[in-house]
Structures are given as C-alpha cells and as structure tokens.
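Subject: Structure handover

Hello,

Here is the structure I promised you. Please open it and keep it beside this email while you read.

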Number of protein chains: 2
Amino acid sequence: MRAATEHAASVCPVEVTVSIVGGSWKLTIVQKLLAGTRRFGELRRDVGGVTDRVLTRQLRELESDGLVHREVFAQVPPRVEYSLTAEGESLRPLVEMMDEWGRQWTSEHVGGVPA
Amino acid sequence: MRAATEHAASVCPVEVTVSIVGGSWKLTIVQKLLAGTRRFGELRRDVGGVTDRVLTRQLRELESDGLVHREVFAQVPPRVEYSLTAEGESLRPLVEMMDEWGRQWTSEHVGGVPA
DNA sequence: CAGAATCCTCGCAGATACTG
DNA sequence: CAGTATCTGCGAGGATTCTG
C-alpha cells in the first residue's frame, strides 16, 4: 500500500478514497477507462494537457492501487493498453456522482451551464 | 472561485469535485458536520490529529466554496459554530459512498475489516 | 510509441509560538 | 476559545530532453 494511502487509513475511510482517487487527472483517467480499454497515447490525447511523466505516474499509482490493469505487447512499435480491473469498475457510480456534483457546483458558481 | 478549482474546471467536472473535497481532512470535516453543527474545538477533537492552522484553512476553503457556514458569536470566551450549507448537505450521498468504498478497499487490501 | 531521466517550483501540510 | 503569524519541508506536478 502506498504511504499516502496508509496514512489516510489511519484517519478515516473517506480519506482512503481521497488518497486513491485524489491525484490530479486520476479520476479523469478512470472516467476515460470506464468507456473501455485505451492505449497510452489515446489516454494522453483524451485526457488532454497532461504530460507523459505525470500520466505515467498516475497510471502506475492506479495500477499499484489495483484499479488499473497494464498490458504490454512485446512488439515494435511498442503498444501498451490500459484497462480497469473489477475494483476500478467499482468506481463507476462514484465517478458518475462526482461528475454530476461537479457540473452542478460549477453551474451554480459560474452561472453558466456547461455542455 | 479558488484558483485550484478554476483550473480543475477547465479540465473536467470530476476534477472540480476533487479540487473541492480533495484537501486532507476536508471530507472528514464534512462528515462530522453532516452529523450536525460543531464548534471549532469540537471539530479539532472529533477530527483528531489536525492542527489549528490546517483545520482553520480547510474550513475557510470549504466556506469559500460555499459548503460550510461559519457563525461567530460576539462574546467572551469566543464561540464559533460551523455548519453545512444546503450545498454542503448535498455532499451526503457522495461522502457515504466514498466512506463505504474506502472501507471496502481497505478490507480487501489489508485483509482486516475495520470496525 | 511509450516511456525513463533529470531538473525545477510551488503550494500544501505540519510544527511552533503568540494573542484578543 | 478560536484563532493568527511565521517558518519549514516535502513531495506532487510540470517542462524538457533522451531512448529502445
């Protein structure tokens, strides 16, 4: 278990969840993966604005937390596919709820309803 | 709107939610407030392990995000009460879901089911 | 294509001390 | 009691460059 998560566990369960999905881009990545398996380059494009280094690290953390499965194809050019594990899939309702809550909050605090 | 939230808004709605509830202790605080109004000292005790400075800042951020209401009583000794706004209350299902997900994840990754 | 290596910075969390 | 003021550090996030 990652150090941050371990510390969170000593506080309270909600903090565990935050420590796992709280990294920047992390839930956005999960959201994309909820739609199906993606290659590294696809994620980089779909997420948008994230650098290789950061995307890689977020994916590795998600992997080590057991939410994401990483499959490497030994071929040239390299091909790596990312998909959600069952545990990752279990985030679906949470992601949907947070997406909805975020839209709601934004619309109430900006006055404009996003598409 | 806070800078972090503003940046998150440019990414995707889920990131907005993360930026609002993602600070350490923040959801734990909300969880306590979901049970009812609390004074500063009560929160400090209930949350446990948090310093004055950090607790204060988290509360101020929650306040500026419109989730928490801060009421100061002009008296000696000072008395300040914190409570959730309607928007804060709207986090209840999310907090419950994250609490449950965190318990589940922890039990599967540690082998021991927490109380 | 999918990253690894390197370097930088900036902000948050935390500790400590003080106060109306 | 409920903070503020000040300092520290640490580590995530980001930019850039290089490679099998």
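A pocket here is an open set of grid points with protein on both sides within 12 Å along at least five of seven lines. Note that this is a predicted model.

The largest pocket has a volume of about 160 Å³. Its lining includes A:G22, A:G23, A:S24 and A:W25 from chain A. From chain B, the lining includes B:H7, B:V11 and B:E15. Two elements give two or more residues each to this lining: α1 (3-9) and α2 (13-21) of chain B. By class, the lining has five nonpolar, five polar and one charged residues.

Now look at A:W25 itself. This residue sits in the loop between α2 and α3 of chain A. A:W25 is buried, with a relative accessible area of 12%. Its phi is positive, about 75°, although A:W25 is not a glycine. Most residues other than glycine have a negative phi. B:W25 also has a positive phi, near 75°.

Next, the cis peptide bonds. One joins A:V76 and A:P77, with omega about 0°. A:P77 is in the loop between β2 and β3 of chain A. Another joins B:V76 and B:P77, again with omega about 0°.

Last, helix α5 (residues 52-64) of chain A. Which of its residues are buried? They are A:L55, A:Q58, A:L59 and A:L62. Seen down the helix axis, these fall within an arc of 100°, so they line one face of α5(A). Among the elements that cover them are α2 (13-21) and β2 (68-73) of chain A. Just after α5(A), A:G66 has a positive phi of about 80°.

Best wishes

Methods
Residues are numbered from 1 along each chain as its sequence is written. Chains are lettered from A and ligands numbered from 1 in the order in which they are written. This is a predicted model: local features need pLDDT of at least 70, side-chain atom pairs count only at pLDDT 80 or more; totals for chains, interfaces and linings use all residues. Side-chain values use heavy atoms; hydrogens and water are left out. Buried means under 20% relative accessible area, exposed over 50%, partly exposed in between (1.4 Å probe, protein chains only). Helices (H or I, at least four residues) and strands (E, at least two) are DSSP runs, numbered from the N terminus. The arc is that of the directions from the helix axis to the C-beta atoms. Contact means heavy atoms within 4.5 Å. On a 1 Å grid over the protein atoms alone, a cavity is a set of points where a 1.4 Å probe fits but cannot get out, and a pocket is an open set with protein on both sides within 12 Å along at least five of seven lines; lining residues have an atom within 4 Å of a point. Grid points are joined across faces, edges and corners, and a volume is the space filled by probe spheres set on the points. Ala, Val, Leu, Ile, Met, Phe, Trp, Tyr, Cys and Pro count as nonpolar, Asp, Glu, Lys and Arg as charged, and the others, Gly among them, as polar.
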